[in-house]
Amino acid sequence: MRSLALLCVLAGSLLPSCAAPEPRYSAAFIERAPRSILVLPPLDESIETDGTYVTYAALTRPLLESGYYVFPPAVVDRLMRENGLPTPAEMHQAPLERLVDIFDPDAVLLVRITNWGTSYEVLQSVSRVGLEARLIDADTGALIWEDARLGQQGSSSGGGGIAGMLAGALVNQVVTDISDPCEAIARNTAKQLLGPGSSLPRGPYDPEYATTFAAAAAALDER
């Protein structure tokens, strides 16, 4: 099972100071050098069932900021449904040849939601969103990149003693009933997974692409 990389958490908020991972350039990625990415609606494997389209909406911007062309999610979802694939599970099982016929992408991004929801413990509540992503070459079906992230946010930093932690958990439960904190966590987690500074190599529309791609290709040739 692929291990999940944890986002830094402190005082109930996501830290921006986590060390950025190195871009993962595989031989297949360098050979295929994808420019356009088709993102399918995420497959929700969590206990909850609310995360698919919230997460789907959060995936596009980080990919664009990383320098890729991304097919518009609303158009992708509509065309897939019109072609007899009404659910994310059916979309993920569609043959690559069919996806190429409809969209002609360079690569297909398959995302799984492994964790979504808020758990209430004695002294705090914790909201978590886990995402796993696999980038598949559209022509060969080869896996050219993959990674995972688990984002979480707690109700208490431990300050104020037991009374303070209990109050924080109670307030967080009330807020959660009104507005799901997992939506914001999903956006942050998607950015950590796919945006600039993630392990996904920069795309061809990024200003640094030529330099970083050439250096990665040269390094791979030297191995």
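Modeller: Start with a crossing: helix α3 passes helix α5 in a right-handed sense. This is a predicted model, and what follows is read from its atoms. Two packed helices are described by the angle between their axes and the distance between the axes. Helix α3 covers residues 73-82 and helix α5 covers residues 96-103. Their axes lie 11 Å apart, at an angle of about 120 degrees. Angles of 65 to 115 degrees would count as roughly perpendicular, and those over 145 as roughly antiparallel.

From α3 come Val76, Leu79 and Met80. From α5 come Leu99, Ile102 and Phe103. By class, this contact has six nonpolar residues, with no polar and no charged ones.

Helix α3 has another partner, α2. The axes of α2 and α3 are 10 Å apart, and the angle is about 130 degrees. That makes α2 oblique to α3. On the α2 side, the contact is made by Tyr53, Tyr56 and Thr60. On the α3 side, Pro73, Val76, Asp77 and Arg81 take part. The class count here is four nonpolar, one polar and two charged residues. Look for Val76 of α3 in both places: it is listed in the contact with α5, and again in the contact with α2.

Stay on α2 for a moment. This helix spans residues 52-65, and Thr55 is part of it. Thr55 has a relative accessible area of 0%. Buried means under 20%, so Thr55 counts as buried. What does Thr55 touch beyond residues up to four places away in sequence? Its contacts are Pro42, Ile113, Trp116, Leu131 and Ala186.

Next, go to a strand. Ala148 sits in strand β9, which runs over residues 143-154. Ala148 is buried too, because its relative accessible area is 2% and the cut-off is 20%. Arg112 is 36 residues away from Ala148 in sequence. In space, their C-alpha atoms are 9.3 Å apart.

Then go to helix α8, residues 209-222, where you will find Leu220. Is Leu220 buried or partly exposed? Leu220 counts as partly exposed, because its relative accessibility is 22%. Leu220 and Ala27 are 193 residues apart in sequence, yet 7.2 Å apart from C-alpha to C-alpha. Leu220 touches Ala27, and also Ser26 and Ile30, leaving aside residues up to four places away in sequence.

Step back to the whole chain. The chain has 223 residues, and 43% of them count as buried. Eight helices and nine strands make up its list of elements. Take the contacts between residues at least 6 apart in sequence: 72% of these join residues at least 24 apart.

Last, how far does the predictor trust this model? The average pLDDT of the chain is 84, and 78% of the residues score at least 70.

Definitions and conventions: Residues are numbered from 1 along each chain as its sequence is written. This is a predicted model: local features need pLDDT of at least 70, side-chain atom pairs count only at pLDDT 80 or more; totals for chains, interfaces and linings use all residues. Side-chain values use heavy atoms; hydrogens and water are left out. Helices (H or I, at least four residues) and strands (E, at least two) are DSSP runs, numbered from the N terminus. Buried means under 20% relative accessible area, exposed over 50%, partly exposed in between (1.4 Å probe, protein chains only). Contact means heavy atoms within 4.5 Å. pLDDT is the predictor's confidence in each residue, from 0 to 100. Axes are lines fitted to C-alpha atoms, for helices over the stretch in contact, and angles run from 0 to 180 degrees between N-to-C directions. A crossing is left-handed if the near helix is turned anticlockwise from the far one by less than a right angle, and right-handed if clockwise. Ala, Val, Leu, Ile, Met, Phe, Trp, Tyr, Cys and Pro count as nonpolar, Asp, Glu, Lys and Arg as charged, and the others, Gly among them, as polar. Angles under 35 degrees count as roughly parallel, over 145 as roughly antiparallel, 65 to 115 as roughly perpendicular and the rest as oblique.
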